[in-house]
Amino acid sequence: MMPRSQRLALWCLALALTLPLYIKGRIPTPKGEDAAFSRFTGQTVTVRLAGDLPRPGVYRLPKGVDAGAAIKMTLPFAEVAASVRRSDSHVLANGDIVTFSRDKSGKYQFLLNMMGAKERMLLGVPLDPDLLSEAEWSLLPGIGTALSRRIIEDRQENGAFGTVDGLLRVSGIGPGKLAAIKRYF
């Protein structure tokens, strides 16, 4: 049996640890801080933040986060000038690259691009069979240069595949080869 003084000390320690969390949870958060307090749904998108940043790298952000929210998470909002090619309200998707740079006045600008197929494969980001180039098709196991050329020719003649199962219409791709590459899509 634990002495009364030790139990009292443990209770005080537990109270001292939980009281700040309780008080912090009771204070309402101001509007406009959606980036840091966005609702986590369990679904994420994998994006790479690059350029002139304190901590560039690959991040998993909650699904539905836009480029503006990613900027708020990364940089002080007042320093961001504007997007270069797209709006900062663009919802980030798997495989996006947000590249930050400074303009002549020292303010940040950003540019959105897509990761290459090799990087998406390494990070487990699903590929889109309708957007891969001939060189990217040849990166997949069992798809050589000749077969990747046939895939591109088939897509140009017959239209988009829609899903990876649409590849079965290409000569040289059977159920076995499709099963081998399906994990990348």
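Modeller: Start with the largest nonpolar core, which has 18 residues. Leu 127, Trp 137, Leu 140, Ile 143, Ile 151, Leu 167 and Ile 173 touch the most other members. Helices α3, α5 (145–158) and α6 (175–181) each supply at least two of its residues. The largest share, three residues, comes from α5.

Biologist: What makes a set of residues a nonpolar core?

Modeller: The members are buried Ala, Val, Leu, Ile, Met, Phe, Trp, Tyr and Cys residues, joined through side-chain atoms within 4.5 Å. This is a predicted model: local features need pLDDT of at least 70, side-chain atom pairs count only at pLDDT 80 or more, and totals for chains, interfaces and linings use all residues. Residues are numbered from 1 along each chain as its sequence is written, and side-chain values use heavy atoms, with hydrogens and water left out.

Biologist: Why is Ala 117 called buried?

Modeller: Its relative accessible area is 2%. Buried means under 20% (exposed is over 50%, partly exposed in between; 1.4 Å probe, protein chains only). So Ala 117 is buried.

Biologist: Which residues does Ala 117 contact, leaving aside neighbours within four places in sequence?

Modeller: Leu 127, Leu 132, Glu 136 and Leu 139. Contact means heavy atoms within 4.5 Å.

Note on methods:
Helices (H or I, at least four residues) and strands (E, at least two) are DSSP runs, numbered from the N terminus.
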